[in-house]
Amino acid sequence: MGEIDEFYKLIDRGREGNSAGLSLGLPKLEKYIEGLTPTTSYLIGAGSGVGKTTFIIYSFIYCPIMEDDKSKDVHFLYFSLEMTPAQILAKLISIYLYLHEGVSLSFADIFSRSKDQNGEAIILSDDNYELIKTCRPILEKFMDRITFVTGTLNAAKYVSEVSKYLKRFGEFNGDKYIPDNPNQILGIVVDHLNLVRASQGKSKKEEIDLISTYSVSFRNKCTIVSPINVMQLNRNANGQERLKQGLQEPDDSDLKETGSVFEDSMIALLLFNPVRAKLMTHRGYDIKQLGSNYRSIKCIKNRFGAADVAVGCAF
């Protein structure tokens, strides 16, 4: 009768308002997926330079944290294999300044990395520097919710770091995990899986598959956990053939050769930049008018609702 009791327990949880997801900040997308929800495995894929990390930072980290739902008390363990914590904080504060102050400062602007037409460095202005200094409380809020893990990653390190992190929010009792707050959401981000390193006796693919397997185990055992895995697409033979036919948009065939990662995911999203594909229109959007900020987000797998749907957005 345990399964029936669990069934009614989940209904009661929803009736108490504890099952709704945290907003991703993209209403069109949230018509099809319910935001960031616990016990859900997400897979986000895109080609190089399309904006995987920016999308993750905005939709899966910034928006849930800023929603400030005390009962869900969202926190993140972020395996950042490409960017430093300071660089991710710059992206977070860039989003905050644009949404709350109407100030557009890119990652490059904040760190004075751009040059003008004469090759001179474009230095962050005094006014913008002072504005960023006033954002320290927001940065502290982000750092209170995000724990960064940098350096190389393999399956053994993943298990060790996630296990240690989970002990901050509950306790393991044999095969069970008892969370301090059963309504909490803990996002476990790997950005991105292609940068995982092989350990002695294992191939890189075996390490990635093991991490995916462990993420499912943590998800199922610790009901407050949601793995968020990011992958860079490498067009397979089928994808290359589709490119020859003028079908530039990626699909599930570009993920199915990733081994267990795609199979283990519950929701899989693909990002596409039509500008890189030199398209003038895409799914009814005028790309020439929208410019390089336009992205298509396609839900190719959804165990809880509609799949094979795409929405346009700008970021």
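Reader: In which strand does Ser296 lie?
Author: This is a predicted model, and the strand in question covers residues 294-302. Ser296 falls within that run, which is strand S11.

Reader: Is Ser296 buried or exposed?
Author: The relative accessibility of Ser296 is 1%. Buried means under 20% relative accessible area. Ser296 therefore counts as buried.

Reader: With which residues is Ser296 in contact, leaving aside its neighbours within four places in sequence?
Author: Contact means heavy atoms within 4.5 Å. Once the neighbours within four places in sequence are set aside, the partners of Ser296 are Glu249, Leu270, Leu271, Phe272, His282, Arg283, Ala310 and Val311.

Reader: What separates the C-alpha atoms of Ala314 and Ser296?
Author: Ala314 belongs to strand S12, residues 309-314, whereas Ser296 belongs to strand S11. Along the chain, Ala314 and Ser296 are 18 residues apart. Their C-alpha atoms are separated by 8.6 Å.

Reader: Is Ala314 buried or exposed?
Author: Leaving aside neighbours within four places in sequence, Ala314 is in contact with Asn293 and Tyr294. Its relative accessible area is 60%, and the cut-off for exposed is over 50%. Ala314 is therefore exposed.

Reader: Are helices H7 and H8 roughly parallel or roughly antiparallel to each other?
Author: The axes of H7 (residues 155-166) and H8 (residues 204-221) come within 9 Å and cross at roughly 20 degrees. Angles under 35 degrees count as roughly parallel. H7 and H8 are therefore roughly parallel.

Reader: Which geometry does the aromatic pair of Phe7 and Tyr8 have?
Author: The structure holds 12 aromatic pairs. For Phe7 and Tyr8, the rings are 5.1 Å apart centre to centre, with 70 degrees between the planes. Planes over 60 degrees apart count as edge-to-face. The pair of Phe7 and Tyr8 is accordingly edge-to-face.

Terms used:
Residues numbered from 1 in each chain as written. Predicted model: local features only at pLDDT ≥ 70, side-chain atom pairs only at ≥ 80, totals over all residues. Heavy atoms only, no water. Axes fitted to C-alpha atoms, helices over the stretch in contact; angles between N-to-C directions. Helix = DSSP H or I, 4+ residues; strand = E, 2+ residues; numbered from the N terminus. Parallel < 35°, antiparallel > 145°, perpendicular 65-115°, else oblique. Phe/Tyr/Trp six-rings, centres within 6.5 Å; stacked < 30°, edge-to-face > 60°. Buried < 20%, exposed > 50% of the residue type's maximum accessible area, 1.4 Å probe, protein only.
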